[in-house]
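Work through the exercises below with the sequence and the structure in view. Try each task before reading its solution.

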Amino acid sequence: AFQNVARRITGVMVPEVHKDLSSERLLVMGWLEGANIREARGWPYWHRVVIAETLVRLFLDGLLGGGLLHGDPHQGNYRFVRRGNDPAQVGLLDFGCVLRMNAATRKAYRQLLSLVAARGAAANGDDVASCYLALGFDKKLLDPMVDRLPAATAALFETLLEKKTAGSEN
């Protein structure tokens, strides 16, 4: 299921699953040649921006669109490829730890992101708190900080909501 979500995202490569070698508890996939994250850190800025934007889209589309969260995002599960002047691509390996998000959780994340995208730190604290409560946070712990939740949430999601363009150093 996550492979289907990932394949819909421009700039994401996914190897084939070898179904004949896989089982309910074992996933066997092909390999993707490419650089690891340490190597990609030395690439030109605009390639790194494209990689970052692709990873954010992968996270958001997986969570909000497909209701799936790739629960094993360590450096061994990503390969990065650049060919000439084409934008860099992200290769995603290993779907052995994918979590399903129920509709209520996806709705709460969508509402939280929408509130912060629209209003930032000026969002209503009670509205932001209600999203966190829907995500399972403890009301007793949230209540003392309701007035600071919008600013904290805006800071937390700042990089997800910022729109930078490849080629810009800002």
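The exercises that follow concern a predicted model.

**Exercise 1. Surroundings of Thr 153**

Task: Find the helix that holds Thr 153, decide whether Thr 153 is buried or exposed, and list its contacts beyond its neighbours within four places in sequence.

Solution: 
- Step 1. Thr 153 belongs to helix 7, which covers residues 149-156.
- Step 2. The relative accessibility of Thr 153 is 0%. Buried means under 20%, so Thr 153 counts as buried.
- Step 3. With neighbours within four places in sequence set aside, Thr 153 is in contact with Leu 112, Val 116, Val 128 and Tyr 132.
- Step 4. With one of these, Tyr 132, Thr 153 also makes a polar contact of 2.7 Å between side chains.

**Exercise 2. The nonpolar cores**

Task: State how many residues the largest nonpolar core has, and say which helices and strands each supply at least two of its residues.

Solution: 
- Step 1. The largest nonpolar core has 19 residues. Phe 2, Ala 6, Trp 43, Ile 51, Leu 58, Phe 80 and Leu 92 have the most contacts inside it.
- Step 2. At least two core residues come from each of helix 1 (2-7), helix 3 (45-65), strand 3 (78-81) and strand 4 (89-92).
- Step 3. Helix 1 gives the largest share of this core, three residues.
- Step 4. Take Ile 51 as an example: not counting residues up to four places away in sequence, Ile 51 touches Ala 40, Trp 43, Phe 80, Ala 88 and Val 90.
- Step 5. Another core, of 15 residues, lies apart from the largest one. Its members include Leu 63, Met 101, Val 128 and Ala 129.
- Step 6. As background, nonpolar side chains in soluble globular proteins tend to be buried together.

**Exercise 3. Salt bridges**

Task: How many salt bridges does a search of the whole structure find? Name the residues of the bridge that includes Asp 143, and of the one that includes Glu 16.

Solution: 
- Step 1. The search finds two salt bridges.
- Step 2. Asp 143 pairs with Lys 139, and their closest N and O atoms are 3.1 Å apart.
- Step 3. Asp 143 has 41% relative accessibility and counts as partly exposed. Lys 139, at 48%, is partly exposed.
- Step 4. Glu 16 forms a salt bridge with Arg 7 through their side chains, at 2.8 Å from N to O.
- Step 5. Arg 7 has a relative accessible area of 38%, so Arg 7 is partly exposed.

How values were computed. Residues are numbered from 1 along each chain as its sequence is written. This is a predicted model: local features need pLDDT of at least 70, side-chain atom pairs count only at pLDDT 80 or more; totals for chains, interfaces and linings use all residues. Side-chain values use heavy atoms; hydrogens and water are left out. Helices (H or I, at least four residues) and strands (E, at least two) are DSSP runs, numbered from the N terminus. Buried means under 20% relative accessible area, exposed over 50%, partly exposed in between (1.4 Å probe, protein chains only). A polar contact is a pair of N or O atoms within 3.5 Å; within protein, one must be able to donate a hydrogen and the other to accept it, and residues adjacent in sequence count only if both atoms are side-chain atoms. Contact means heavy atoms within 4.5 Å. A nonpolar core is a set of buried Ala, Val, Leu, Ile, Met, Phe, Trp, Tyr and Cys residues joined through side-chain atoms within 4.5 Å. A salt bridge is a side-chain nitrogen of Lys or Arg within 4 Å of a carboxyl oxygen of Asp or Glu.
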